[in-house]
Amino acid sequence: MLERYVKRILQARVYDVAKETPLSEARFLSKRLNNNIYIKREDLQPVFSFKLRGAYNAMAQLTQEQRDQGVVTASAGNHAQGLAMSAKQMGVKATIVMPKITPDIKVASVKARGAKVVLKGDAFDEALKYAYQLVEEKGYTYIPPYDHPEVIAGQGTIAMEMLRQHPGDIHAIFVPVGGGGLIAGIASYVKYLRPDIKVIGVEAEDSACLKAALDAGERVVLDQVGIFAEGVAVAQIGEEPFRIAQHFVDGVITVNTDEICAAVKDVFEDTRAVSEPSGALSLAGLKKYAQTEGVENETLICINSGANTNFDRLQHIAERAELGEKREAILAVTIPERPGSFEQFCKTVGRRMVTEFNYRYSDDHHARIFVGVQLKDADDRSELITSLEQADYPVEDLSDNEMAKLHIRHLGGGRNDAVSDEQLFRFEFPERPGALLNFLKNLGQNWNISLFHYRNHGAAYGRVLIGMQVPDGDKQKVAEYLDRIGYRYWDESQNPAYQLFLR
Ligand SMILES: Cc1ncc(COP(=O)(O)O)c(C=O)c1O
């Protein structure tokens, strides 16, 4: 079986459209993990993912008659773009059936490559059914995204390049897995020539269809598939990929969303490329493997398999990256409800940066705050919690609490009629280490704080919203006081959003 695939890979036609991509050394990460880490840069392909290789190779094998009839596929992702570009290059008519919910940006990029787009059905299954109908009705040839020997062979050319680019020792190659076309191609080539190199699949925890199949000894259909890493959101591993993986894949690692986000950041720091979640998946697995297996001074290779991400997803990715790296703790801490206790709390947190601070008055004795703190390393979380408990602050660790991270941070607080004499101020101050503590020190302890919201967004300015209880006679004094401390601020007490949601 291997020899047959190696021959197909060696003969694969991919370079009419695809490039031989560099194998970039990840210097920062190599130093951090004490290994030699390389990233295969498939994000640099003309369609920003490797899928072009398999699609073009499958099309290159068609007869003239099949080409004249045209090709069709169902895909909302990178395969669609790969096929559209391949068809354009060969002068073949291509129809791509996409579910109606496909984002406009993807529809537009497929159209821009000259393919005909048909929007059909609410889910992928319906689009697929319609693509098969077109095969029957119009005589098109269906080009599948992964379950096809020539698609597998096209993706396998990545392994051919990697072994040539790095002829020395390699401990393991990490491969993202969706339907399994990529890992099948890579495993075939690597295991034939260099069986000593481990080939390890990496899957998102909530779409781990290869792991489920390997555990069961047969292909299974997952009940539900998470779509954060949409490029690999596949419910069942392909038949031919599974046949290959069963014999030639050394293991599968699963990673969660936060670990994927942390890997997107690592890819960026080392190569300045912004990968899509599936594109950084194999690096997330590589990191997990190096840490859990205690591997050091070895060569480890992963693949940045794609960079087709929507710009508006980057904010979420950046926010979760710190959690994935275990560099941010999210805590619920109870502190005394009295002037100066915020500042005291920040001192206990020490030199660590406070990344988020949410508080709304609830009673006269205790203040419960939702707080994010940047950590030095994985052990720092327990050190922080211990030092807070020693200072008599009750602490609940919410760092692994999905609901808290997704919703509660935006909902904490709310309306409160019990707060008397409240005035609301919005502040802006230059963001730098220690800026928040400095701000609190300057604010002093003259008035009770009844509301506090701060989130570090990595921007040049830190922004804080504060409610203070200011008796009528003190209003002028507060104004003079705030003017003197020198931060830009606005009185938001009459802001209708405040009146509607916080009063
Ligand atoms: C960016 C990216 N990475 C990885 C994969 C997984 O490839 P395969 O389905 O061949 O396992 C895909 C599939 O579309 C992808 O788009």
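A crossing of two helices is called right-handed if the near helix is turned clockwise from the far one by less than a right angle. In the predicted model described here, the crossing of helices H3 and H5 is of this right-handed kind. H5 spans residues 78–90, and its axis comes within 8 Å of that of H3, at a crossing angle of roughly 45 degrees. H3 is therefore oblique to H5. On the H3 side the contact involves Lys 51, Leu 52, Ala 55, Tyr 56 and Met 59. These residues meet Asn 78, His 79, Gly 82, Leu 83, Met 85, Ser 86, Ala 87 and Met 90 of H5. Eight nonpolar, four polar and one charged residues make up the contact of H3 with H5.

H3, which covers residues 51–60, also packs against helix H8, residues 149–165. The angle between H3 and H8 is about 135 degrees, and their axes lie 7 Å apart. Because angles over 145 degrees count as roughly antiparallel and those from 65 to 115 degrees as roughly perpendicular, the pair H3 and H8 is classed as oblique. H3 passes H8 in a right-handed crossing. H3 contributes Arg 53, Gly 54, Ala 55, Tyr 56, Asn 57 and Ala 58 to this contact, while H8 contributes Glu 150, Val 151, Ile 152, Ala 153, Gly 154, Gln 155 and Thr 157. By class, the contact of H3 with H8 comprises six nonpolar, five polar and two charged residues. Ala 55 and Tyr 56 of H3 take part in the contact with H8 and also in that with H5.

The protein as a whole contains 20 helices and 18 strands. Its C-alpha atoms fill a box of roughly 90 × 50 × 40 Å along the principal axes. Of the 503 residues, 46% are buried. Among contacts between residues at least 6 apart in sequence, 74% join residues at least 24 apart.

Most residues other than glycine have a negative phi. Asn 297 is placed in the loop between H13 and strand S10 (299–304). With 8 other C-beta atoms within 10 Å, Asn 297 is likewise exposed.

An unreviewed UniProt entry places the feature "domain: ACT-like" at residues 329–400 and 423–494. In the model, the span 329–400 is 28% helix and 38% strand, and its end C-alpha atoms lie 9 Å apart. Ile 485 is found in helix H19, which covers residues 475–485. Because 14 C-beta neighbours lie inside 10 Å, Ile 485 counts as partly exposed. Leaving aside residues up to four places away in sequence, Ile 485 touches Asn 442 and Leu 443. Arg 351 is 134 residues from Ile 485 in sequence, and the C-alpha atoms of the two are 23 Å apart in space.

Technical notes. Residues are numbered from 1 along each chain as its sequence is written. This is a predicted model: local features need pLDDT of at least 70, side-chain atom pairs count only at pLDDT 80 or more; totals for chains, interfaces and linings use all residues. Axes are lines fitted to C-alpha atoms, for helices over the stretch in contact, and angles run from 0 to 180 degrees between N-to-C directions. Helices (H or I, at least four residues) and strands (E, at least two) are DSSP runs, numbered from the N terminus. Angles under 35 degrees count as roughly parallel, over 145 as roughly antiparallel, 65 to 115 as roughly perpendicular and the rest as oblique. Two residues are in contact if their C-beta atoms, placed from the backbone, lie within 7 Å. Ala, Val, Leu, Ile, Met, Phe, Trp, Tyr, Cys and Pro count as nonpolar, Asp, Glu, Lys and Arg as charged, and the others, Gly among them, as polar. UniProt positions are given in the numbering used here, feature names are shortened, and annotations may be inferred rather than shown by experiment. A residue is buried if 20 or more other C-beta atoms lie within 10 Å of its own, exposed if 12 or fewer, and partly exposed in between; C-beta atoms are placed from the backbone.
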